[in-house]
Amino acid sequence: MPSKKTKEIWEFGDFQTPDELARSAIQIIKNLDFKPRSILEPTCGRGAFLFSAVDTFPKAELTIGVDINKAHLNHLKKRIFKEYRKTQIKILNADFFALDWSEILKDLPKPILIIGNPPWVTSSELGILQSSNLPEKSNFQSRAGLEAITGKSNFDISEWMLLKHLEWLQKQRGMVAMLCKMTVARKVLAYAWKHDYPLRLARLYKINAMKHFNASVDAGFFLMDCGQETGSKDCDIYEKVSDSKPSHTIGYHDGIVISDVDLYEKWKFLRGTDKAYMWRSGIKHDCARVMELKRSQTGFFNGFGEFIQLENKYVYPLFKSSDIGNGRIRECRKFALVTQRYIGEDTTHIKKNAPKTWEYLQSNMESFEKRASSIYRNRPPFSIFGVGDYTFAPWKIAISGFYKKLNFKPIGPIEGRPAIFDDTIYFLPAWSEGEAYFLSEILNSKPAQEFFSSMIFWSDKRPITIDLLKRLNIRVLTQKLGRENEYNSYATIRSAKHSVQDQLQQTLFAG
């Protein structure tokens, strides 16, 4: 187990697999009654997987190990000479991204077992190290999946490699069996499922990465049995390599990746579009030091530490993701300037209605002009997004996208003003306290919680998304809970209110 992350380990994701873990992982393959005629380890290192596979499958006709690190291969060759001299093992010193794999693969007896522990490193980390240990975009112009990955600002190198392995086996029988991050395995599965790769079977066994690699990351031993038959769209998840029964199954159903197939099947009737209630995200301004304020007794302090005095007209109580996630909702720590009531609204009215605020905004024009997002181009000065009549609803039911729990909070006015949120928070607007508590109660009910949980991967950076929340049909949920009459009464009020707002909006634009 490496005690320190050296530059070499960082650049090449070089975490050598312990022999015991390699043996346990290869035993899983044997128990599946898979009998490879050839074994390939594209990043073999010192050969823990390679030797375990040779020991477990002595009838394999050819074994090939490839690695970029000459020191690892020298160690491996010495062991071959001592212990495996009679075994057909071929060793290549090569760069994975430069090697002509088609030449190697065409002569391998089928089925092929592709095993190993690919680099646990991202493209961003390699950029920091100015490393060339990356795939070239230009190699994959005709392959949309790989091109899409290398076009990302950041991606796991192992994700790219695993998709390459799937390509190799797309028209022939074989198995990919790799140690990798859990998130990488899921991304690869999602791609394979969406593009109808012929996966006969998929399994993911969790491992203790801290114990084996001194790495604080969710990781596992990932198996994909590939063939020419109709592909499976499920993957069993095992809590340990030694487990014989899965804890749950993830899959691809109804066009989405499911984190718990059994739970989804139980509650999928709740899925659908609700016409009365639409989830919204908080305000996006990309100018926090100017727009987000802390209040003092005589004014405000901005993010630069500058004391300012502003009119109250455009200042609203602000809740951040940490406030909602930690339940700090009785009072707010911050306030924010809200410069528009709808997207694209002319902002020059601020000059007349709040001259101090206008002067403050003007004095920080440079900060607004530095905003990188293209959404602000050709917009009125000081524009924001994620704003509309829903922003100013007196009550809201909110949830943080970042926090690892499903807890919907009713948020009421603060000091007589509607609370607003940053864009990491999702919410439903409510027009009364009764409606807000009604919505929070049904959203925190067991059916809603289990429905959402069946599609959430809690290891994601932002596990709760607006797309997830929109999948719930609130009307159908209230039918299940026996509360449809309450739903209908609130929906009727909302419909009438929106009708009036639509008329006002049309009049405003017509004028």
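Helices (H or I, at least four residues) and strands (E, at least two) are DSSP runs, numbered from the N terminus. The model is a predicted one, in which local features need pLDDT of at least 70 and side-chain atom pairs count only at pLDDT 80 or more, while totals for chains, interfaces and linings use all residues. Residues are numbered from 1 along each chain as its sequence is written, and side-chain values use heavy atoms, with hydrogens and water left out.

Let us begin with the overall picture. The protein has 21 helices and 20 strands. Of its 511 residues, 53% count as buried; here buried means under 20% relative accessible area, exposed means over 50%, and partly exposed lies in between, with a 1.4 Å probe and protein chains only. Contacts, meaning heavy atoms within 4.5 Å, can also be sorted by distance along the chain. Among contacts with a separation of 6 or more, 73% come from residues 24 or more positions apart.

Which residues does Glu-435 contact, leaving aside its neighbours within four places in sequence? They are Tyr-277, Ala-430, Tyr-490 and Arg-494.

Two packed helices are described by the angle between their axes and the distance between the axes. Axes here are lines fitted to C-alpha atoms, for helices over the stretch in contact, and angles run from 0 to 180 degrees between N-to-C directions. Helix α17 (residues 433–443) packs against helix α20 (residues 474–481) at an angle of about 75 degrees, and their axes are 11 Å apart. The two helices are therefore roughly perpendicular to each other, as the scale counts angles under 35 degrees as roughly parallel, over 145 as roughly antiparallel, 65 to 115 as roughly perpendicular and the rest as oblique. On the α17 side, Phe-438, Leu-439 and Ile-442 take part, and they meet Ile-474, Leu-477, Thr-478 and Leu-481 in α20. The residues of this contact divide into six nonpolar, one polar and no charged. In that grouping, Ala, Val, Leu, Ile, Met, Phe, Trp, Tyr, Cys and Pro count as nonpolar, Asp, Glu, Lys and Arg as charged, and the others, Gly among them, as polar.

Helix α17 also leads us to a sheet: it lies across β17 (395–400), β18 and β20, running at about 30 degrees to β17. Strands of a sheet pair through backbone hydrogen bonds, either parallel or antiparallel. Two strands count as paired if DSSP finds at least two bridges between them. This open sheet has four strands in the order β11-β20-β17-β18, with antiparallel pairing. Its edge strands are β11 (280–281) and β18 (409–411), each pairing on one side only. Strand β11 is joined to β20 (residues 425–430) by two bridges, and Ser-281 has Tyr-426 in β20 as its bridge partner.

Another open sheet has six strands, ordered β14-β13-β12-β16-β15-β19, with mixed pairing. At its edges are β14 (307–308) and β19 (420–421), each of which pairs on one side only. Within this sheet, β12 (residues 292–295) and β16 (residues 334–337) pair in the antiparallel sense over two bridges, and Leu-293 stands opposite Phe-335 in β16.

Finally, let us look at charged side chains. Side chains of opposite charge can pair when their charged atoms come close. Counting a salt bridge as a side-chain nitrogen of Lys or Arg within 4 Å of a carboxyl oxygen of Asp or Glu, there are 25 salt bridges. One of them links Glu-83 with Arg-79, with the closest N and O atoms 3.5 Å apart. Both residues lie in helix α4 (residues 70–83), four residues apart, about one turn of the helix. Glu-83 is partly exposed at 49% relative accessibility, and Arg-79 is partly exposed at 24%.

A salt bridge between Lys-233 and Asp-196 has its closest N and O atoms 3.1 Å apart. This pair links distant parts of the chain, 37 residues apart: Lys-233 is in the loop between β7 (219–226) and β8 (234–238), and Asp-196 is in the loop between α9 (182–194) and β6 (199–207). Lys-233 is partly exposed at 25% relative accessibility, whereas Asp-196 is exposed, with a relative accessible area of 56%. Elsewhere, salt bridges that share partners join Glu-292, Lys-320, Lys-334 and Asp-422 into one network.
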